[in-house]
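Student: I have a structure open on my screen and would like to go through it with you, one question at a time. Could you help me read it?

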Amino acid sequence: MNAVTPFEGIGASVKRKEDLRFLSGRGQYTDDINRPGQAYAYILRSPHAHARIVVLDTAAAAAMPGVVAIYTGADTAALGSIPCGWQIHNKDGSPMAEPRHPMLAEGKVRHVGDQVAVVIAESRGQAKDAAEAIQVEYEVLPAAATMAAAQAPGAAAIHDGVAGNLCYDWHIGDKAVNDAAFAAAAKVVEFETTNNRLIANAMEPRAAIGEFDSTSGDYTLYTTSQNPHVIRLLMGAFVLQIPESKLRVVAPDVGGGFGSKIYHYAEEAIVTWAAGKLGRPVKWTCERTESFMSDAHGRDHVTKCALALDANGKFLGLRVHTEANMGAYLSTFAPCVPTYLYATLLAGVYTTPTIYCEVKAVFTNTVPVDAYRGAGRPEATYLLERLVDIAAAETGIDRVEIRRRNFIPTDAFPYQTPVALQYDSGDYTATLDAALAASDWAGFEARRQAAAAKGKLRGIGCSTYLEACGIAPSAVVGSLGARAGLYEVGTIRVHPTGSVTVLTGAHSHGQGHETTFAQLVADRLGVPVAQVDVVHGDTAKVPFGMGTYGSRSLAVGGSAMVKAMDKIIAKGKKIAAHLMEASVEDIEFDRGTFRVAGTDRTKALAEISLAAYVPHNYPIEEIEPGLEETAFYDPKNFTYPGGCHIAEVEIDPDTGHVTVMKFTAVDDVGRVINPMIVEGQVQGGVAQGIGQALLEAAVYDSDGQLLSGSMMDYCLPRAEDLPPVGVATHTTLCTHNPLGVKGCGEVGAIGSPPAVMNAVVDALKGYGVRHVEMPATPQKIWGIIHAGQRLAAE
Amino acid sequence: MPQVTLTVNGKTSTVEVEGRTLLVELLREKLRLTGTHVGCDTSQCGACVVHVDGDSVKSCTMLALQADGATVTTIEGLAKPDGTLHPMQEAFREYHALQCGFCTPGMVMSAIDLVQKHPQGLSEKEIREGLEGNLCRCTGYHNIVKAIAAAQDVMHGRRSELQPAAE
């Protein structure tokens, strides 16, 4: 066994193993896969937000060249509903409304983009041509494009039996205690805001290929998924009733997810089912325009809140009322996003003793809304960090100072919040101080003056945020309504000659797991990164898994690998003890070498693995041959990354254009395995956060037409829109997982939007602005500036 | 069906296509060069950029028939036959300028054309402006910009080897 250089273990910026195939065009994404004899599916989608299907005539289309089959809701009505993975209960204990979500519309469409029919043809073009020949007559119904419209008296029911289009009315916290805190407050600061609806826009559009082997009865689904095992469970068990043993789900290279590829989508079930009906593979590839109206959207909260403070600016209580848009159907994890991923985060990094939050989830005639990078936590953080800035302005306390006064101190951990979570570690003053120094906060006024001399408005803003990730213990989330366990699975296979294959239930779609996970093996087992292969994304290869979301891959998936490696080491010690004729208790293991303590007698891991697979001289009575171990790791708690983000912006008052001049992130993500990858994850998250703050919004008109339905209309950040993003880390270790890691995938998108918006409001402070809603588009800012100038002139 | 003859990555092929077939469809579906990706349907994302007769082109916006007689280079054709990466590919790896890899082929092809057309060298701001036709949702562009800045020094012969990324 080669010695591992220290550069490959934990803490090394190892260059990514996966890059070579991506850089040479040899990645294999779902749409790159073609199966022998495949037909092509095209989905006819609803042009209306809410309508009854009066006539659906496929006869002419079926006669078009190349058409293999056309299916409608009449063909799939006997199949299961696209399931929801999380059940929330109302205040009165009754379960949420959970209407059927059909694969193909059954008499009614509920959002623009809803699936009406699927055409399967010999070519993509023929399928599309035939779809145009399908005759559909709609009776257009009144549409509710907003939560206000859906809840208005007399609003049309989107689903039969769902009164008031209300999915659930939920709350957390002790209202009486909360009311008392407000009654005793020296100051109450109120705030209303909308968290803008976003569309993830992973660069790879969704795609799916279904395949059926009529001799074995085996189905295979290739799909753009963040969690193939979850898709197998949801689609197999709930929609198509295919046993797991007969259904393989493969998520090969996946071109970004950001949450939008967690969910089980109708198209996956359609191609799998149709492949079985037709006895040939069926391939579907989403066009970007379809993505806009069929990928789950994110955010879309409307909130009223209030903060109670004492005379010294100490937070006494927080009261929040949020309405959360579910869209037309419940996507896989939609109900938990505005509840257990949002309301439980409202303590943030502060000692607020009482928090009461009520959440109404509302159906509308829009695309389903679910988790998007951060999922609930960005909404909570944005609310809190804007509210704290407003409280600072209205109490006259400096905005950094008011944060310091309310921070949970480092000696308070483990810290029990009033909203269920117990934080294990953190040092919010340290990350704040590091960010203030790195951003030269103290020197800002000079930069403001310099900008003013050029006619520009310069502002600075910070956010001190926290998130809960590595979503966790299964028993806890089960009691909160999760219909799945949230552990992770890892297998370590040490091959006879000492190379290692890692099988992980986590899925990499940009995160660089093939490198980071290999580093874990290098660090613990002493096997060089080049000799470690990480396998993920295939239910036929990986024993089980829950996938990648909620920044969980390392904290949960990595921990499972550590547990499996510890089993390998324990077994290896027994083999080593036998070979070296020593007692097991005397065997030490360090990075690839087993040693009889206090002697120079050693065996390399490769010698042990060879003995395990060629057990000629082996303790066969005591242990089995082979050197492969699997571990399921169920976390003891969430992990709690946190930190401070600081944005500095400049506004051109003539155009209203906001430029982010500088962005500083100091994050505590726990132990860092690969600093290069962590930095990249934070930069990418910050880019999406700046996108939310300044550029992005999914916009519907009052009829439920999606106006921002293409990349020409939905403003994604381009290189010119973004600043260089300075990233630093300050580490406190997670106390309850074996790696001490917390997760880094979402911090960027959570901490950055309020930092940017606090800077925008700061830049506009001469105009009497209390708050600016996201996105801070030039039109909006120009309007504020010019309204301010008019007022000043009057 | 009409025929189109073109040379892709040094290999000449004659392919039957429909009149409406796009160049990217020809590359991906007829020649099975799946390194060139389709990320949108409005010529916004740049995942499909290839070089046609030396210029970067969004291959989703060009009919296959328009490429008749053309010389096309795709991401698969960049590395030398011995596997040595193009300096731009090498720089993307060194500077962690890719995450999910989906925008990467188009980004690399655009970046090479951008650098080749600016022998005098590009500032950070000019690189950012020059990437206006390419979207990346993963990286925030920070490391892409750094990679291009480093690659241009090698491509223009100002350095013999790539400047290593700082630890």
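Tutor: Happy to! Tyr141(B) lies in the loop of chain B between α4 (124–130) and α5 (142–155). Keep in mind as we go that this is a predicted model.

Student: Is Tyr141(B) buried or exposed?

Tutor: A residue counts as buried when its relative accessible area is under 20%. Tyr141(B) has a relative accessibility of 1%, so Tyr141(B) counts as buried.

Student: What is the phi of Tyr141(B) near?

Tutor: Tyr141(B) is a residue other than glycine, and its phi is positive. The value is near 70°.

Student: Where is Ser551(A), and what is its phi near?

Tutor: Ser551(A) sits in the chain A loop between β23 (532–535) and α16 (553–579). With a relative accessible area of 13%, Ser551(A) is buried. Its phi is positive, in a residue other than glycine, with a value near 50°.

Student: Now for charges. How many salt bridges does a search of the whole structure find?

Tutor: The search covers all chains. The total is 57.

Student: How many residues apart in sequence are the parts that Asp31(A) and Lys283(A) tie together?

Tutor: The side chains of Asp31(A) and Lys283(A) meet in a salt bridge, 3.4 Å from N to O. Asp31(A) is in the loop between α1 (19–23) and β1 (39–45) of chain A, whereas Lys283(A) is in strand β13 (residues 282–285), so the pair ties together parts of the chain that are separated in sequence by 252 residues.

Student: Are Asp31(A) and Lys283(A) buried or exposed?

Tutor: The cut-off for buried is under 20% relative accessible area. Both Asp31(A) and Lys283(A) are buried.

Student: Which residue forms a salt bridge with Glu204(A)?

Tutor: The closest N and O atoms of the pair are 3.0 Å apart, and the partner of Glu204(A) is Lys261(A). Distant parts of the chain are linked here, 57 residues apart: Glu204(A) is in the loop between β9 (198–199) and β10 (207–213), and its partner is in the loop between β12 and α8. Both residues are buried, Glu204(A) as well as Lys261(A).

Student: What is the N to O distance between Arg458(A) and Glu650(A), and where do they lie?

Tutor: Their side chains meet in a salt bridge of 2.6 Å, N to O. The pair links distant parts of chain A, 192 residues apart: Arg458(A) is in strand β20 (residues 457–466) and Glu650(A) in strand β28 (residues 642–652).

Student: Why does Glu650(A) count as buried?

Tutor: Buried means under 20% relative accessible area. Glu650(A) counts as buried because its relative accessibility is 7%.

Student: Which residue has a side chain joined to that of His264(A) by a polar contact of 2.8 Å?

Tutor: His264(A) is found in the chain A loop between β12 (247–250) and α8 (266–278). His264(A) is buried, with a relative accessible area of 3%. The side chain at the other end of the contact belongs to Glu268(A).

Student: How much accessible area do Leu610(A), Tyr613(A) and Val614(A) have together?

Tutor: Leu610(A) lies in helix α17 (residues 605–613) of chain A. At 42% relative accessibility, Leu610(A) counts as partly exposed. Together the three residues form a nonpolar patch on the surface, with an accessible area of about 230 Å².

Technical notes:
Residues are numbered from 1 along each chain as its sequence is written. Chains are lettered from A and ligands numbered from 1 in the order in which they are written. This is a predicted model: local features need pLDDT of at least 70, side-chain atom pairs count only at pLDDT 80 or more; totals for chains, interfaces and linings use all residues. Side-chain values use heavy atoms; hydrogens and water are left out. Helices (H or I, at least four residues) and strands (E, at least two) are DSSP runs, numbered from the N terminus. Buried means under 20% relative accessible area, exposed over 50%, partly exposed in between (1.4 Å probe, protein chains only). A polar contact is a pair of N or O atoms within 3.5 Å; within protein, one must be able to donate a hydrogen and the other to accept it, and residues adjacent in sequence count only if both atoms are side-chain atoms. A salt bridge is a side-chain nitrogen of Lys or Arg within 4 Å of a carboxyl oxygen of Asp or Glu. Patches are made of residues with over 30% relative accessible area and no salt bridge: like charges are joined within 9 Å, nonpolar side chains (Val, Leu, Ile, Met, Phe, Trp, Tyr) within 5 Å. Accessible areas come from the Shrake-Rupley method with a 1.4 Å probe; for residues, only the protein chains shown count as cover.
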